[in-house]
Amino acid sequence: MAQTLLAFLLVNSSAKGPNLVFRWPPNPQTTSRLSRPLPHEDRLELDNPWRAANHNDSPQISVEASGEAMATAAEDYQWKSPSVIRDRSRSFPRSGSLPTSAVNALPEEHFFDDEELAEDPTDEYHRIFDYSTQFLAGMLCPKTSLCHQKFDLVIDNLLFIGHPVCIEDGGHWQFKRDKSSSGSRGRSSNSWLHMFHFVLVLDLPDPSSSASGNISKYFDTIYKQIAFTITAVLFQEQVLSNFVELECDVLGSLEAEYIAKGEPFSAFMSQALQISSVASAMKALFDAIKSSTMAYITLNDIPLELQLPPFLDHLLHGEEEHELDFVDHQEDEDEARVWGCDLSLGWRLPSLAPWKSLLLLEGDQELDPYINLRGPHVRPDEREHAEGLIRFLETAVCYALPSLSDMANLLEWDLETQIYPTVRWLVHHRRAKVVDTIHLGLKTIFTIPPIFDAPLSTLSAEFKRDFPQPEIPPLPSLLASISEASSRQSDNHFFAVVVRSKELIPLYHEVVIWLLKRDMLYTLHLRIRIVATAELKARVRRAHERKLERSMGQRRQDRVGSGLRPRDQDPAFYEVNARRPGSTWFPLSPRGVHPFSRRMPSAESESGRTNETSLSHVDEDDEEAITDESDDGNIAWGDPGTASPLERKWLAAMSEGKDEHIARRFEQINQYFDGKSTDDEILHRAEISRKQLREVLHHYDEYLQTFLHPA
């Protein structure tokens, strides 16, 4: 919900001046800005601020004197609404004292005299937020130069956001001229309606409650999703069919009639909702936003689905208590890119991946999606896409939570260009949600969230109504069993804990779907990390030392068997000894030049010598690393896919004595044993079965660390 939303206003302007046409709710209220503890009514208990202020005033203060002092300061101590103190409309000075921005935004006819502001404060027809409706309408109807763009205005603690639109200079409502076209579309008849403005009234939050960047994103999202969208549709219908002007005529005439008859304001509002589609749409939209649901409204026979991101209000607060759970909802750049800009802010969606599944949601929707997709408003060029979406929905219903990759195979669609856009559309319109794939035999490990969206008593009543079968336990007992099983080491999946019979799998599958739709289950995924034990490191070090000993022994045998002196074995011997202190270098005679030249290294031999030298350095580095490792500690590293030479030796040593096909499969999938990849992701990327994964985990159990965690 948008907790800061206070009201919707529809304001227009004509030759008679600005006017507030309609608002919802009828009597919006602002929130109190100050809360202080009050002294006791008998005035005998003094609070600390009073004591501190009067500590040194007199040696002794009688009860009567203190009571009189507190009574005197009562009005300053207790906060009161500005409407009780004075008329808020009168708090705005004349044009000479108004801020420059406010003066420039208002035409001259929008400044008011005292007589115009003298309405009865109890008159609901002409009062809102303790302001005169005419005064407020004048503030919300800017000059024409400020129309057709974002509008925001702060008055006291109220923020007004909208997108005012106005008539063209020729007195016609028409679309803006395109630079590439010579004409413009519109109606040629004159209109008395000069301007209209759909306004959202928001309670300005405390700037210290959140970062300024988040507050800016918060208001910008509300403007784009609600204010701009509604204004765009109303402007289009006004240009094409004079829709807004007719609605303003109906509401204005009705209000004048009810005022003349002396009818209460509540009666006017009830009748307006029945005869005006704009009024009923404003009410439905307001109620949906405050309840954080999808709004299904109709403006001039055009169906609209509007909403705000379900977690948008979290931008205004820090980390709350109900967010301190074990599920990581951080939105990184990669996930934002996959979901798109419309679903990246305030949605807290899971990852969109081929191993995920799509759960369709029914909801209390006034509009049938199939009727929408086949309705007359669907253009011929969009009908093919609509039919493809219907086929997608029918396939998702026929199969039990298939993965997105399975959906692509069943429909013969491309995953990136067809499946993902369809999923994004369904999630954005709250027709589906992305969930983890559920095992067909319900051998999935679940846990429950720390808090539910509804009271447990309400959920229990709904659960009993939907599942009256005697085989299904009550909801509290079912949740207790799931919660207790998540801490077990074995037999902790849903089938072993709850179902226990293959005949009940179809029934309990519906139970799991029911719980997933209400966010009452989290799927626990297996994650794996590789651990190099102390015994493994010691074994690798001993093998490496034996290899070095054999290599050095072989070199000594080769040197002794060749019978060559050191200078004959290595021509570089002369270069080294020539630079030794105290040694004498003699130039070679012409007779010795030719034999020595045949022993001079060629370019290839020099390259080979360089590689051999570098390899010896690598071996020395590995030997030093192995020597530095202690025998009494285990090492777990995070990314086996980028293992160092020493870590690769450990991985190879883990497969010693294992069957060849098991070792080959371990070498294939150990790159995913990073503690981040889930078991579903491993199965998809490695293209292996769950049985094959269990087989590897069994044979390499001593070198693996496994744990369960939500995705």
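1. Burial and overall content. Of the 711 residues in the protein chain, 41% are buried. The model is a predicted one, and its secondary structure comes to 28 helices and 17 strands. Among contacts in the protein chain with a separation of 6 or more, 70% are between residues 24 or more positions apart.

2. Helix α19. This helix runs over residues 505-517 and has 13 residues. From its first C-alpha to its last it reaches 18 Å, close to the 18 Å expected at 1.5 Å a residue. Because 10 of the 13 residues of α19 are buried, the helix is largely enclosed by the rest of the structure. The buried positions are Ile505, Leu507, Tyr508, His509, Val511, Val512, Ile513, Trp514, Leu515 and Leu516. As a general point, an α-helix has 3.6 residues a turn, so residues three or four places apart point the same way.

3. Which elements cover the buried residues of α19? The cover includes three strands, β11 (356-360), β12 (432-436) and β13 (446-447). It also includes the helices α16 (456-466), α17 (475-485) and α18 (494-499). Just after α19, aspartate 519 takes a positive phi of about 55 degrees.

4. Strand β12. This strand, which is part of the cover of α19, is itself largely enclosed by the rest of the structure, because 5 of its 5 residues are buried. Ala432, Val434 and Asp436 point one way from β12, while Lys433 and Val435 point the other way. The buried residues on the two sides thus include the charged residues Asp436 and Lys433. Strand β12 pairs with β11 in the antiparallel sense, over 5 bridges. Within this pairing, leucine 358 stands opposite valine 434 of β12.

5. Packing of α9 and α10. Helix α9 (residues 265-275) and helix α10 (residues 277-290) have axes that come within 5 Å and cross at roughly 105 degrees. Angles of 65 to 115 degrees count as roughly perpendicular, so α9 is roughly perpendicular to α10. On the α9 side the contact is made by Ala272, Leu273 and Ile275, and on the α10 side by Ser277, Ala279, Ser280 and Lys283. By type, the residues of this contact divide into 4 nonpolar, 2 polar and 1 charged.

6. Phenylalanine 135. This residue lies in helix α6 (residues 133-139). Is phenylalanine 135 buried or exposed? Its relative accessibility is 6%, so phenylalanine 135 counts as buried. Phenylalanine 135 and proline 18 are 117 residues apart in sequence, yet their C-alpha atoms are 8.6 Å apart in space.

7. Backbone geometry to inspect. Most residues other than glycine have a negative phi, and most peptide bonds are trans. Tryptophan 24 and proline 25 are joined by a cis peptide bond, with omega about 0 degrees. Proline 25 is found in the loop between β2 (17-24) and α1 (48-53). Aspartate 130 is a residue other than glycine with a positive phi, near 65 degrees. Aspartate 130 lies in the loop between β3 (127-128) and β4 (131-132), and with a relative accessible area of 27% it is partly exposed. Arginine 430, also not a glycine, has a positive phi of about 55 degrees. Arginine 430 lies in the loop between α15 (415-428) and β12.

Notes
Residues are numbered from 1 along each chain as its sequence is written. This is a predicted model: local features need pLDDT of at least 70, side-chain atom pairs count only at pLDDT 80 or more; totals for chains, interfaces and linings use all residues. Side-chain values use heavy atoms; hydrogens and water are left out. Axes are lines fitted to C-alpha atoms, for helices over the stretch in contact, and angles run from 0 to 180 degrees between N-to-C directions. Helices (H or I, at least four residues) and strands (E, at least two) are DSSP runs, numbered from the N terminus. Angles under 35 degrees count as roughly parallel, over 145 as roughly antiparallel, 65 to 115 as roughly perpendicular and the rest as oblique. Contact means heavy atoms within 4.5 Å. The expected span of a helix is 1.5 Å times one less than its number of residues. Buried means under 20% relative accessible area, exposed over 50%, partly exposed in between (1.4 Å probe, protein chains only). Two strands pair if DSSP finds at least two bridges between them.
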